[in-house]
Each structure stands twice: as C-alpha cells, then as structure tokens.
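Let's walk through this protein together, one contact at a time. Have the model open beside you as you read.

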Amino acid sequence: MSKTTIEKVTASEILDSRGNPTLRTWVSLSDQVRGTSSVPSGASTGKHEALELRDGDAGRYLGKGVLKAVSNVEKIIAPEIIGMDPRDQDAVDKRLLLLDGTPNKSKLGANAILSVSMSTAQAAALASGLPLYAYLGNREKYLLPVPLINILNGGSHADNNMDIQEFMIAPAGFSSYSEAIRAGAEVFHHLKKTLKTKGYSTSVGDEGGFAPDLGSNEEALELILQSIQNAGYTPGKDVYLALDVAASEFYIDGKYVFKKSDGSEKNVDQMIDFYKALVEKYPIISIEDGFDEDDWEGWKIMTDELGEKIQLVGDDIFVTNLDRFKKGVANGIGNSILIKLNQIGTLTETLNTITYAHQMGYTAVISHRSGETEDTFIADMSVASNAGQIKTGSLSRSERVAKYNRILEIEKELGPSGTYAGIQPFEKFMIKG
C-alpha cells in the first residue's frame with residue numbers, strides 16, 4: 001500500500017459570525033481525501049495571544065481582510081508540507097513553527113498556521129477512517145463535556161450596561177450530555193420569557209446570549225436563578241452558574257473600573273470581596289478571568305481565597321501558552337485553564353497544554369471565540385482530550401449550536417463508551433453548602 005501524503009493545500013477568505021473575514025483551508029491527500037477547517041477570531045483578545053494576521057487595507061473589509069494569510073498558506077506553507085505524512089501531526093506542526101520562526105506567529109499569522117494544522121488533522125482522520133475525536137484521542141472510554149452555556153452577554157460581547165462579559169449556566173447535575181443540553185435550552189427559553197415579562201430586550205449578543213440593559217451585574221444572576229427554577233430545576237444541584245468576568249477589559253491604571261454599569265472603581269481587595277459575596281450568595285461554580293491578564297498578584301490572592309471553593313479559569317493570563325501556563329502553575333495561579341486553538345496557533349501545542357493541565361491537577365475548558373464559524377473541530381477536540389468542559393456560546397445562533405449538536409452526535413455514536421462528565425470536573429472545589 002502506498003504511503004498517504006499531503007498533495008495540495010489551498011485557502012480562501014470567508015466570513016465569520018460577525019461578518020469579518022477569516023480563513024478556510026483545505027488539505028488534500030494523495031488518496032483523494034480532503035480535510036477542511038475554518039479558524040475563529042476573538043473580540044476580547046489577550047495581548048499575549050499569538051498574532052492574528054490582518055491585511056490592514058482600509059479599502060477592504062475596513063482593514064480586516066486576510067488575503068495575506070491566504071497567500072502565506074498557499075505560497076509559503078503549502079510547498080513546504082506537500083509530501084509530508086498527514087498522520088504525523090507533530091512533524092507538520094513543527095514545520096509550520098519553523099517556517100514562521102517568531103514567538104507569536106507574527107510572520108505567517110496564527111490564523112494561517114492554525115488553519116493548516118487543523119485541516120491536516122481533519123484529512124488524517126478521514127484517511128484513517130476515524131471520526132476526528134477518535135483520531136485525536138484513541139480511548140476505550142470518553143468523557144462528554146459539561147457545556148458552559150452563555151445565556152446573558154455583557155462586556156465586549158454586547159452593547160449594554162453589564163461589565164461582566166459572560167453569565168453562563170453549567171447543567172452539571174445530569175446523567176447524560178443530551179439531558180444537560182435539554183435543560184440548558186429550557187432555561188434559555190424561560191430566561192427569554194422572564195426578560196419579556198420584565199420589559200427587557202431579548203436581542204442577543206455576539207455569542208447568542210441575551211443582551212439587555214439591566215439594573216446591575218447582580219440582577220443578571222437573579223434573572224438566571226429565576227429562569228432555572230421556572231424551568232423546573234434546582235440551582236446548585238441540577239444547574240450551576242459560571243462567570244467570565246474578562247476583567248482585563250475594564251482594568252484601567254491599576255483599578256477595576258465598572259465603566260459600563262455604575263462607574264465604580266475597585267482595587268484588588270475590593271474585587272476579592274465582590275467575588276466572595278457573589279459566591280456566598282449564588283451557586284457559582286466557576287469564575288474566568290477575574291483579574292487582569294498581567295495582574296499576577298491579584299490572581300494569586302484570588303486563588304488563595306477562593307481556589308478551594310470554585311473553579312478559577314485563566315484565559316487572558318495563560319492564552320493557551322504552555323510557558324505562561326507553567327509560570328502560573330509554579331506561582332499557584334488559578335486551578336483551571338481556558339483552551340483556545342487560535343491563541344497559540346497549532347493543534348500540537350494546544351493538546352500539549354491540555355495534557356500538562358491534567359498532569360498538574362488543573363481542569364481544562366475548551367472554548368470557542370466570539371467570532372466563530374460553523375466549524376465543529378473544538379467539539380471533537382473536547383471529547384478527544386477528555387477535557388470535561390466546553391464553552392461555545394449560547395443555545396442560539398447556528399455557529400454556536402453546531403458545536404453542541406456535534407457533541408450530541410458523538411454521544412449517540414459512542415453509546416456506553418461515552419460518559420457525561422457531570423459534576424466530576426468540579427468536585428475538588430465544590431461550594432460547600
């Protein structure tokens with residue numbers, strides 16, 4: 001049997017869920033198999049992320065075109081990986097990193113590099129006759145992830161007066177992923193009814209959650225609790241709450257300024273008190289990015305104060321970068337890491353970071369971006385890596401729901417070989433009633 005090799009690599013400029021350009025890439029193999037992927041784009045991006053290459057031509061897409069990245073795929077990357085074995089993901093990704101040669105992928109662009117890395121894996125899975133999750137993680141048993149469902153949007157993801165970026169529900173108290181998604185959808189629809197009853201807008205933000213102007217950040221939590229109960233579920237037993245504060249977005253001159261709501265300013269101690277009060281009052285199981293991406297001191301204090309009670313997820317501070325993450329682990333920062341493929345740029349680097357997290361006793365949350373496509377790669381990756389958690393937005397907007405639906409497909413396919421993670425990822429920092 002002849003060896004399967006990469007035969008052709010092409011790319012195209014497409015649109016993401018915000019109407020901005022991004023890349024779709026195809027990797028064709030010598031056995032006529034072709035893998036494809038599309039890369040996402042973030043709005044509240046950490047400054048330590050790998051570089052997303054944009055054209056800067058104001059005459060096209062307000063400067064956000066990605067034709068340079070497309071050209072880099074076809075003219076620089078393609079000639080260098082044609083003839084390589086697509087099943088050797090590590091070798092392909094190493095070649096991509098060598099071609100770029102910069103710490104933050106600024107030469108070729110993380111979007112160009114990632115599109116090739118993901119498409120190679122897709123092609124290799126097809127050539128192997130395996131679904132992507134089985135190709136990436138060959139296991140006897142798989143964990144189906146708890147969905148962290150963003151049902152109220154604020155911060156940079158919505159044009160409203162809420163500073164906290166994401167108010168999420170975590171339906172962890174169920175025996176199957178399909179039951180958890182059903183509960184999430186029911187809570188989402190009850191929230192819509194509740195908002196309408198109170199005269200609030202039911203328009204949605206970038207990630208599909210509702211984006212009303214509320215009286216306070218805390219009112220959002222009250223409305224969600226009411227909606228959980230109206231749906232017939234018990235907060236803190238069936239359905240928990242989770243927050244993505246995205247504190248870097250309102251960190252100004254050493255203070256945390258709640259500029260969208262009441263204009264108040266808080267120092268580190270006051271932010272800790274703010275979080276403590278929320279955790280004591282509400283069944284919050286996870287807080288992401290509670291402090292600025294470079295506020296290591298604030299992060300350390302928060303971890304010392306709350307790290308044994310709830311999950312503390314580092315996104316902007318770690319940016320899926322193994323070196324930054326190792327620094328965080330060494331300094332006792334957080335107890336969980338958010339995983340975003342396009343923050344680092346290759347599949348191999350991403351999977352290595354997840355593996356290290358598990359080795360160090362940290363949880364890992366697989367995540368989408370606010371600018372998404374219909375690509376479902378992260379759904380398979382969440383199952384393949386046994387991450388146990390995924391966040392991919394709300395239960396509206398097809399680019400979000402596509403990921404949740406893909407996991408429903410995987411659950412059906414796996415049968416008894418797939419177990420819903422449920423409360424398992426959170427057990428070591430469960431809120432003690």
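Start with Lys47, which forms a salt bridge with Asp294, their closest N and O atoms lying 2.9 Å apart. A salt bridge here is a side-chain nitrogen of Lys or Arg within 4 Å of a carboxyl oxygen of Asp or Glu. This pair links distant parts of the chain, 247 residues apart. Lys47 is exposed, with a relative accessible area of 58%, while Asp294 is partly exposed at 31%. (Buried means under 20% relative accessible area, exposed over 50%, and partly exposed in between, using a 1.4 Å probe and protein chains only.)

Before going on, a word on the source: this is a predicted model, where local features need pLDDT of at least 70 and side-chain atom pairs count only at pLDDT 80 or more, while totals for chains, interfaces and linings use all residues. Residues are numbered from 1 along each chain as its sequence is written, and side-chain values use heavy atoms, leaving out hydrogens and water.

Now look at Asp315 and Lys340, whose side chains meet in a salt bridge of 2.8 Å, N to O. Asp315 is buried at 3% relative accessibility, and Lys340 is buried too, at 7%. Another salt bridge joins Arg400 and Glu399 at 3.1 Å, N to O. Glu166, Asp244, Glu288 and Lys391 are linked in a network of salt bridges.

Finally, where does H9 meet H11? Leu322, Phe325, Lys326 and Val329 in H9 touch Thr353, Tyr356 and Ala357 in H11, contact meaning heavy atoms within 4.5 Å.

Definitions and conventions: Helices (H or I, at least four residues) and strands (E, at least two) are DSSP runs, numbered from the N terminus.
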